[in-house]
Amino acid sequence: MHLALFLIFGAVCVGAAINLLVQKHPINSALSLIVVMGSLALLYLLLGAEFVAAVQVIVYAGAIMVLFVFTIMLLNAGEEEVLPHTSCVAVMLGVPGLIVGLAIGVWVIVRYAGLDRIAIGGPQVLNGTEGFGNPRAVAHLLFRDFLLPFEVTSILVLIAILGAVVLARREE
Amino acid sequence: MSIGLYILVSLIKIAVAVFVLLTGVAYTTLAERKVVAHIQNRWGPSRVGPFGVWQPLADGLKFIFKEDITPPFANRPLYLLAPILSLTVALTAIAVVPIGPWVTIGGVHTPLQIADVNIGLLIILGLTSIGVYGVALAGWSSNSKYSMLGSLRASAQMVSYEIALSLSLVGVLIYAGSFSLRDIVTSQSGTFLGIIPKWNIFTGQFIAFFIYLTAAYAETNRIPFDLSEAETELVAGYHTEYSSMKFAMFFMAEYANMFTVACLATVLFFGGWLGPVFGPPILQALLPIFWFVVKVLAFIFVYIWVRGTLPRFRYDQLMAFGWKFLLPLAIANILVTALIVALK
């Protein structure tokens, strides 16, 4: 069951990501990205991280992508023009090359970080932590174990917002 | 419970919930027309059946037989996707709302809720944030200036008020210590002095409730915040170009969202299904559902009452109110609630 769901949503995720690159119109690309975010949330859910899954949908698929779509709508961006210099050789060699390179990279990371011990749908195998990924566990991590980094990050985000406001302000 | 039985029970629950919700949506349109008519010293629909009770059926038939028009320069796939997305999201949200305690029917022990999940509230918030796309895409794909302006207004409004809405719920979450709507209801059981129930509205979340209600009216694009479909300026806003059942789907989504807001207000602030339970066992089983329905219908009535009473806001007033008043108030509410809980 878990494996079937993982394969389905993994395929949806990769398919939408490819569609994101292939689509000519920016709004279609943005919608594909939303599908990617949604299927990622479902993959998190399969790993037993329900809080992260919900946050993924609310923050990424909901809030951030709405701003993307909003900007595309406001600018009324049209279809992208096809680049004249698309080299056939680059496509033929580049795509398989990229896939092989990525596969090797993933294999190395999985092998040396010990991630191959993680089973899909088995939250209990992850360090044997009770309630891993539920809101309470995440809250304990954020507000007790890593309180200082968390608060410092929030200050950093605040500074970034202020910077954006200053940059976007018109000169009087 | 075996997996087959679980799926069967879930399917029955989904069928019942969708049927009840859609019937409720249909009759809310009638109730709205009736109540607003009486507020304005009119009779409202009274020709189809006694007191106009078959009016929703007549409306439905009319929607089905209307010509379905797609504007020639519309983006067809997205034009079709928008109403589907709106209605799907609106109907899905009801799945996590608990309408009663656990019951045993014919040897099957099950909660009166389609999905009892421990992140119920977050699921509803997530679905709300996805619902924005229905409105945004409807306006953009119609390729019409009125639709576009309506959907820009609606998306900006929904994104802004979602923040105040989410923050207003944090106080309740601090009290309950859980995102599960069922846990939130059970955390409100008991009474003060044997009379006043310990609902969140009476235990200090009074301000949070009003922030929630105001923000929720803006979320559902209802008067006094229906800027996105302001008839006097924008024809009909984001669904100007829609006709027939596609328009009806937006309409149904709006009313289904009203029900979700009413259910959530009941669950979070008014103790859900909690209420005096007495009498024989069958009455004891039905009374919680009765209390829940009464509370939800009361909120639906308030919706209609507000619509019949208040004028529409101006857009700058709407944005200033959301960001400069509701948001700081919601944050202050969180601070005070957290202090109270910490000092206890």
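**Close-up views of a predicted two-chain model**

**Figure 1. Packing of helix H1 (residues 3–39) against helix H11 (residues 281–309) in chain B.** In this predicted model, the two helices pack at an angle of about 45 degrees, with their axes 9 Å apart. Axes are lines fitted to C-alpha atoms, for helices over the stretch in contact, and angles run from 0 to 180 degrees between N-to-C directions. H1(B) is therefore oblique to H11(B); angles under 35 degrees count as roughly parallel, over 145 as roughly antiparallel, 65 to 115 as roughly perpendicular and the rest as oblique. H1(B) and H11(B) form a right-handed crossing (left-handed if the near helix is turned anticlockwise from the far one by less than a right angle, right-handed if clockwise). H1(B) contributes Thr28(B), Ala31(B), Glu32(B), Val35(B), Val36(B) and Ile39(B), and H11(B) contributes Ile300(B), Ile304(B), Arg307(B) and Gly308(B). Residues are in contact if their C-beta atoms, placed from the backbone, lie within 7 Å. This contact of H1(B) with H11(B) comprises six nonpolar, two polar and two charged residues (Ala, Val, Leu, Ile, Met, Phe, Trp, Tyr, Cys and Pro count as nonpolar, Asp, Glu, Lys and Arg as charged, and the others, Gly among them, as polar). Helices (H or I, at least four residues) and strands (E, at least two) are DSSP runs, numbered from the N terminus.

**Figure 2. Helix H5 (residues 145–168) and helix H12 (residues 315–343) of chain B.** Their axes come within 8 Å and cross at roughly 15 degrees, which means that H5(B) is roughly parallel to H12(B). The crossing of H5(B) with H12(B) is left-handed. Contact residues of H5(B) include Arg153(B), Gln157(B) and Tyr161(B), while those of H12(B) include Trp323(B), Leu326(B) and Asn333(B). By class, 13 nonpolar, five polar and one charged residues make up the contact of H5(B) with H12(B).

**Figure 3. The contact between chain A and chain B.** Chain A supplies 15 residues and chain B supplies 16 residues. Helix H3 (residues 50–75) of chain A gives the most to the side of chain A that touches chain B, with 12 residues. That side of chain A has 12 nonpolar, two polar and one charged residues. The predictor assigns the complex an ipTM of 0.77 and a pTM of 0.82.

**Figure 4. H3(A) beside helix H4 (residues 120–142) of chain B.** The two axes come within 8 Å and cross at roughly 15 degrees, so H3(A) is roughly parallel to H4(B). H3(A) passes H4(B) in a left-handed crossing. Among the residues in contact are Val57(A), Ala61(A) and Phe70(A) of H3(A), with Leu125(B), Tyr133(B) and Trp140(B) of H4(B). The contact of H3(A) with H4(B) has 17 nonpolar, three polar and no charged residues.

**Figure 5. Confidence and domains in chain A.** For chain B, the mean pLDDT is 85, and 100% of its residues reach 70 or more. An automatic or database domain assignment gives domain 1 (1–79) and domain 2 (134–172) of chain A.

Residues are numbered from 1 along each chain as its sequence is written, and chains are lettered from A and ligands numbered from 1 in the order in which they are written. In this predicted model, local features need pLDDT of at least 70 and side-chain atom pairs count only at pLDDT 80 or more, whereas totals for chains, interfaces and linings use all residues.

Notes
Contact = placed C-beta atoms within 7 Å. pLDDT = per-residue confidence, 0-100.
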